[in-house]
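Hi everyone, thanks for making time this morning.

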Amino acid sequence: MKEELDFSRGAKPLYAQLYDILLTRLKNGAWKKNDVLPTEAEFEELFGVSRITARRALAELAAKGLVKRQAGIGTMVISTSEKQGVKTKVCLIDGQQQQPIRRNNLKLECLLPPAAIATAFGVDDATPLFLLTRTIFRQNESPAQVNYIWLTARLGDLTLDALENGLYAMLEQRNENIERYQDVITSELPGPDDCDILNISPAEPLLVKTRKSYNDRGELTEFGVAKHLASCYQYIVENSR
């Protein structure tokens, strides 16, 4: 069954692919309520993924209310359909959406964080943290978004080369798998750096998404501020199951 996963560069994260497969099998009746799923070690053998990847996929199922971990038993199915919930997304409104989104890592700096970010990470404001600055764009287009992403000091030494295969791939390799996050959406006018990177005037409004991402141990891993050109994006809220 290993061929069911796409291991190629740029593919969807492995944990997300595995989650999709398991969710489909739950919906198709491969497992019933109160069935016990294979162990992480068995998933490692079946799909050729690490136990960390299997653990995160199972954690996603648990977050959806589909399974639960039970000591001495394993991962038990408690529902075969997702609970109704509210989903949100911010996406480019370019009409045809023909070109894939691209990310350009501009720089990675080790800096003293603002007090609020130091507090969020539980460090003092004299402890330097890595700040990744990157842009989001489509081929042959100007950047439509700039990200300022502060990262946990637990990652140790970092270089831009470590991010070649993507930020979240790097986090998974360093045992900082993102299990949950919180987004706050606001709006503001751009600062000087925003204007330079996005090539806009100080009067152009930005849609700002501040994200705090936590690992599977409940520790803050990423504190990101994504600034979107308001004219290029739309904020969508969906009530779905």
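How many of the residues of the protein count as buried, as a percentage? The protein has 241 residues, and 38% of them count as buried. Please keep in mind throughout that this is a predicted model.

Let's get our bearings. The protein contains six helices and 10 strands. If we take the contacts with a separation of 6 or more, 60% of them are between residues 24 or more positions apart.

Now to the inside. In soluble globular proteins, nonpolar side chains tend to be buried together. Here the largest nonpolar core has 19 residues. Which of them touch the most other members? They are Leu18, Leu22, Leu37, Phe47 and Leu61. Three helices each supply at least two residues of this core: α1, which runs 14-27, α2, which runs 40-47, and α3, which runs 51-63. The largest share comes from α1, with six residues. There is also a second, separate core of 17 residues, and Leu129, Leu198, Leu206 and Phe223 are among them.

Two packed helices are described by the angle between their axes and the distance between the axes. For α1 and α3, the axes come within 8 Å and cross at roughly 50°. That angle makes α1 oblique to α3, and the crossing is right-handed. On the α1 side, the contact is made by Leu14, Tyr15, Leu18, Tyr19, Leu22, Leu23 and Leu26. On the α3 side, you'll find Thr53, Ala54, Arg56, Ala57, Leu58, Glu60 and Leu61. Sorted by type, the residues of this contact of α1 with α3 are 11 nonpolar, one polar and two charged.

What about α2 and α3? Their axes also come within 8 Å, and they cross at roughly 110°. The two helices are therefore roughly perpendicular to each other, and the crossing of α2 and α3 is right-handed. The contact brings together Glu40, Ala41, Phe43 and Glu44 of α2 with Arg51, Ala54, Arg55 and Leu58 of α3. By type, the residues of the contact of α2 with α3 divide into four nonpolar, no polar and four charged.

Threonine 53 sits in helix α3. Is threonine 53 buried or exposed? Threonine 53 counts as buried, because its relative accessibility is 1%, under the 20% cut-off. Not counting residues up to four places away in sequence, threonine 53 touches Leu14, Tyr15, Leu18 and Glu172.

Which residues is tryptophan 31 in contact with, leaving aside its neighbours within four places in sequence? They are Leu22, Arg25, Leu26, Leu37, Pro38, Val77 and Thr80. Tryptophan 31 and serine 79 are 48 residues apart in sequence, while their C-alpha atoms are 9.7 Å apart in space.

Valine 36 lies in that loop between α1 and α2 too. With a relative accessible area of 41%, valine 36 is partly exposed. Beyond its neighbours within four places in sequence, valine 36 is in contact with Ile73, Gly74, Thr75 and Met76. From valine 36 to glutamine 70 there are 34 residues in sequence and 9.7 Å in space, C-alpha to C-alpha.

Where does asparagine 199 lie? Asparagine 199 is in the loop between α6, which runs 192-198, and β8, which runs 206-215. At 68% relative accessibility, asparagine 199 counts as exposed.

How values were computed:
Residues numbered from 1 in each chain as written. Predicted model: local features only at pLDDT ≥ 70, side-chain atom pairs only at ≥ 80, totals over all residues. Heavy atoms only, no water. Core = buried A, V, L, I, M, F, W, Y, C linked by side-chain atoms within 4.5 Å. Buried < 20%, exposed > 50% of the residue type's maximum accessible area, 1.4 Å probe, protein only. Helix = DSSP H or I, 4+ residues; strand = E, 2+ residues; numbered from the N terminus. Axes fitted to C-alpha atoms, helices over the stretch in contact; angles between N-to-C directions. Parallel < 35°, antiparallel > 145°, perpendicular 65-115°, else oblique. Left-handed = near helix turned anticlockwise from the far one by under 90°. Contact = heavy atoms within 4.5 Å. Nonpolar A, V, L, I, M, F, W, Y, C, P; charged D, E, K, R; others polar.
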